[in-house]
Amino acid sequence: MWKGIINSIRLSQTNFSLNISNMKWLSCFVLAATLFFSCKQDPIGTGGEVIPPEDLIGFNVTDTVTIQYETVAFDTTDTYLAARQLFGNYIDPQFGRISATTYTQFLSRIGLNFGDTADLRFDSLVLNLVIDGVYGRSDQPQTVRVLELAESLPEERYVADATIGLQTKGENLALGQTILYPEGSSTALVYRIRLNDEFGKRLLFAPADSLEENDAFNEFFKGFAISTEPVIYYTREPGAVYSFFASSSSSFLNLYYREKDSTGTFVASEEPEPFLINSTTPRYTQIEKTEFEDKLIAFEFPDPDVANQFEFIQAGTSLRNFVKLPHIQDFDTVAVSQALLNLKLDPQYMGSNQRFNPPIELIAVLADETGGLQRDENGALVAVEPGNSSAIYGINDSSFSYNLVLTQYVQSLIMKREENYGFYLIPRNESFSLNRGVFGGTEHPTLKPSLRLVYSTLPK
């Protein structure tokens with residue numbers, strides 16, 4: 001499933017010692033600690049030369065641990081019923097074209113009946129889209145594409161990279177309307193997209209038995225495929241992909257109409273008729289990646305002959321990182337005080353004004369013996385270190401890196417309490433984001449990943 005070359009990172013090792021004179025404290029420490037590795041007895045500090053050798057505990061620091069670090073392309077990202085979905089088209093200068101389409105059904109009001117069609121006049125049909133994020137060029141408006149589905153969504157979970165290929169009826173109902181979400185906006189914006197009148201009339205004048213309950217309604221109107229029109233190279237990196245807050249109470253389809261009053265005059269209905277999306281409405285995002293043949297990612301991944309100078313991660317598209325410490329169990333038994341994995345981003349691929357911000361948080365999930373994601377008996381992913389299994393990227397951090405604490409995990413591997421299958425780094429909330437990062441790989445001249453290991457030893 002994934003390819004890579006194990007590369008050693010060979011740097012210097014430093015040893016230093018902590019003076020302990022209280023034998024009672026030492027006894028407690030011995031009871032609390034596990035067996036220890038070899039130690040250089042080199043006292044540091046005033047009075048160290050008079051401390052008996054048997055009272056010294058050594059602290060060793062190394063960043064020479066061999067790291068296996070690879071980009072892995074999983075087949076799927078689960079987007080079924082996710083609160084936020086993605087739609088749009090964007091051409092990334094390093095990752096190629098990303099095309100995202102949201103497929104969603106709508107719900108009718110139980111018992112809906114508009115009455116005699118002779119007493120109705122259609123006004124308009126408006127799709128309300130709550131947009132709360134954008135990836136790509138936010139300074140260029142994108143033309144919205146809304147297509148009616150010609151087939152129903154199957155009753156199963158959907159994933160971003162699955163080639164489900166639901167058929168549509170082909171006509172863009174959005175009437176050429178555009179969307180523009182300001183870069184850096186901190187609030188969700190509601191975009192009102194007026195749809196084709198003929199389609200709206202189909203809803204208003206639908207047979208009553210097609211509206212009164214949802215199964216019949218979803219057979220009559222199977223839903224929408226929402227995206228944008230494909231973009232071309234009018235700029236170096238055209239287009240955008242938007243985060244659609246599908247389960248927001250402000251995301252719905254509104255039907256405006258007039259009805260005849262007692263005088264025979266057609267007046268606007270007191271309220272438009274909403275067709276809703278809620279937490280249980282079937283929906284998913286499908287993401288396609290194309291036109292990457294001449295991009296950085298094609299040169300570095302997944303060909304092992306040139307790989308390992310750069311590694312890649314991207315939410316939404318199932319590009320994750322795999323990490324393994326293949327020789328960590330070669331250590332004798334030691335007590336690990338700290339194990340800190342540092343992964344360095346290459347700032348030259350973050351774009352001007354760092355518009356290609358990487359995922360804010362990476363989650364560390366254990367691999368299983370097959371190379372897949374390890375899950376517990378309830379199907380939940382198993383964290384590397386429960387309660388401490390994420391690496392946060394500091395937006396204002398000039399180091400452009402992530403740090404992941406692996407202290408308990410490394411100790412378990414050394415003590416052989418856990419199988420060394422490695423682990424994956426997955427962007428948090430990956431189903432509704434396309435944030436990505438270009439990392440230095442194990443062959444990068446200056447941005448190699450490193451594991452800083454601090455461990456203690458006891459004199460024999």
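## Confidence of the model

The model is predicted. Over residues 1-56, pLDDT stays under 50, and for these residues the model has 114 contacts beyond four places in sequence. Where pLDDT is low, the predicted coordinates should not be read in detail.

For the protein chain, the average pLDDT is 82, and 81% of the residues score at least 70. Among the elements of the chain, the lowest mean pLDDT, 33, belongs to strand 1 (residues 13-19), and the highest, 97, to helix 2.

## Nonpolar cores

The largest nonpolar core comprises 37 residues, and Leu-195, Phe-224 and Leu-253 have the most contacts inside it. Elements that give two or more residues to this core include helix 2 (197-204), strand 6 (120-136) and strand 12 (252-260). Strand 6 supplies the largest share, six residues.

Beyond its neighbours within four places in sequence, Leu-195 is in contact with Phe-224 and Leu-253, and also with Leu-125, Leu-127, Val-146, Leu-173, Ala-174 and Leu-175. A second, separate core has 35 residues, among them Leu-345, Tyr-393, Phe-400 and Ile-414.

Helix 5 spans residues 407-414 and is mostly covered, with seven of its eight residues buried.

After the helix comes Lys-416, which has a positive phi, near 60°.

Notes. Residues numbered from 1 in each chain as written. Predicted model: local features only at pLDDT ≥ 70, side-chain atom pairs only at ≥ 80, totals over all residues. Heavy atoms only, no water. Buried < 20%, exposed > 50% of the residue type's maximum accessible area, 1.4 Å probe, protein only. Helix = DSSP H or I, 4+ residues; strand = E, 2+ residues; numbered from the N terminus. Core = buried A, V, L, I, M, F, W, Y, C linked by side-chain atoms within 4.5 Å. Contact = heavy atoms within 4.5 Å. pLDDT = per-residue confidence, 0-100.
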